[in-house]
Amino acid sequence: MGMNDGNMKYCIQKILAKVFSKIYVLEFVLFCVFVVQSIYNLILSSGQTDFTISNCMMYLLGQNTHYYLIIAPMVIISLNGLTNFDTYSNYELVRFHNRKHYAWVRVGEVFFFCTVAVAIFALAAVFLYFPFCSSTQSWMVCNDFWIAVGLVIVQNALYSISEVGLVIAQMSMTILSLVATGLLLLLLKAYIRNKNLPTACVLVGNFAMHLMCHVNLIPSFEWIAPYSHTFLKYMDSEVELLANLLYWGVLIVILTALCICVIEKRDYVTDITFQGEQDI
């Protein structure tokens, strides 16, 4: 039986409340400051030559450092409260009547929040970049620009895709990778009763992945590491792009199945006792 309108409205309100919470608003302001800093860096590097929205967005979303040190930690910290299991979870469980239904709701919250968060970040970035960009061909991606800046953001083999298509593809990869990270956090929160330990583990893993991007500690297992499936600069063809979408699809399905299983079997009565002991 599907979710009724009242429960759907409750879930949307819960996500929006999280999006407009103080911590997320602060993160949004910090993100905007970071975007402004990136504008300064790009102008210094290129002298505003071929300075277009698509170049800016690909630079923002397609850099390992930007993702692992700015975007991902912000989303993980925001998801910390959303993925918690506490005494309020018992109220939600009663509201949704069915454990499996409730488990799907928790998974859906991660999907929805990550998508909304990245969409808000992307829109803010577009508005901040727009005044500095060329008024003509504002979506053009130029090889000369990346040669001037000295970065590889998009492989030449993918230039058959439109400029808007490249930005959407990179944005989609970013959302999928954050959804997978959020589901991993939800899984750990459902399995471990400590509120902060799972978040700390995911943050440490995120920074470890950033280290692997630069040092390539395990070359023979690079195809398993998420970073090589997140950024267009690692993809040499449209077929490889589709293969990476499949990679994220499989990983998300596996994490979703594990989350559903663990949340269904969780002892919510014990949670009340555990939460009470922590509050004393």
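**Asn156**

I looked up Asn156 and found it exposed, at a relative accessible area of 56%. My cut-offs: buried is under 20% relative accessible area, exposed is over 50%, and partly exposed lies in between (1.4 Å probe, protein chains only). Asn156 sits in the loop between helix H7 (143-149) and H8.

**Ground rules**

I am working on a predicted model: local features need pLDDT of at least 70, side-chain atom pairs count only at pLDDT 80 or more, and totals for chains, interfaces and linings use all residues. Residues are numbered from 1 along each chain as its sequence is written, and side-chain values use heavy atoms, with hydrogens and water left out.

**Overall fold**

I counted 11 helices and 0 strands. Helices (H or I, at least four residues) and strands (E, at least two) are DSSP runs, numbered from the N terminus. Along the sequence the pattern reads α-α-α-α-α-α-α-α-α-α-α. The protein has 280 residues, and buried ones make up 47% of them.

**Helix H3**

I asked how many residues of H3 are buried. The count is 9 of the 9 in residues 53-61, so helix H3 is largely enclosed by the rest of the structure. The buried set is Ile53, Ser54, Asn55, Cys56, Met57, Met58, Tyr59, Leu60 and Leu61.

**Empty space: the pocket**

Rolling a probe the size of a water molecule over the atoms shows where empty space is left. I used a 1 Å grid over the protein atoms alone: a cavity is a set of points where a 1.4 Å probe fits but cannot get out, and a pocket is an open set with protein on both sides within 12 Å along at least five of seven lines. Lining residues have an atom within 4 Å of a point. Grid points are joined across faces, edges and corners, and a volume is the space filled by probe spheres set on the points.

The largest pocket has a volume of about 390 Å³. It is lined by 18 residues, and those closest to its centre are Ala180, Thr181, Leu184, Met209 and Pro226. I asked which helices each supply at least two lining residues. They are H4 (64-82), H8 (163-191), H9 (197-215) and H10 (238-265). The lining splits into 13 nonpolar, 5 polar and no charged residues. Here Ala, Val, Leu, Ile, Met, Phe, Trp, Tyr, Cys and Pro count as nonpolar, Asp, Glu, Lys and Arg as charged, and the others, Gly among them, as polar.

I searched the whole structure and got 3 cavities of 30 Å³ or more.

**Helix H6**

Glu109 pairs with Arg106, the closest N and O atoms being 3.4 Å apart. Both lie in H6, 3 residues apart, about one turn of the helix. Buried or exposed? Glu109 and Arg106 are both buried.

Trp104 also lies in H6. It is partly exposed, at 49% relative accessible area. Trp104 and Ile263 are 159 residues apart in sequence and 9.2 Å apart in space, C-alpha to C-alpha.

**Ala208**

Ala208 lies in helix H9. I noted it as partly exposed, at 36% relative accessibility. Ala208 and Tyr68 are 140 residues apart in sequence and 9.3 Å apart in space, C-alpha to C-alpha.

**Surface patch**

I found a nonpolar surface patch of Ile12, Leu16, Phe20 and Phe112, with about 390 Å² of accessible area together. Patches take residues with over 30% relative accessible area and no salt bridge; like charges are joined within 9 Å, nonpolar side chains (Val, Leu, Ile, Met, Phe, Trp, Tyr) within 5 Å. Areas come from the Shrake-Rupley method with a 1.4 Å probe, and for residues only the protein chains shown count as cover. Leu16 belongs to helix H1 (residues 5-19). Leu16 is partly exposed, at 38%.

Technical notes: Salt bridge = Lys/Arg side-chain N within 4 Å of Asp/Glu carboxyl O.
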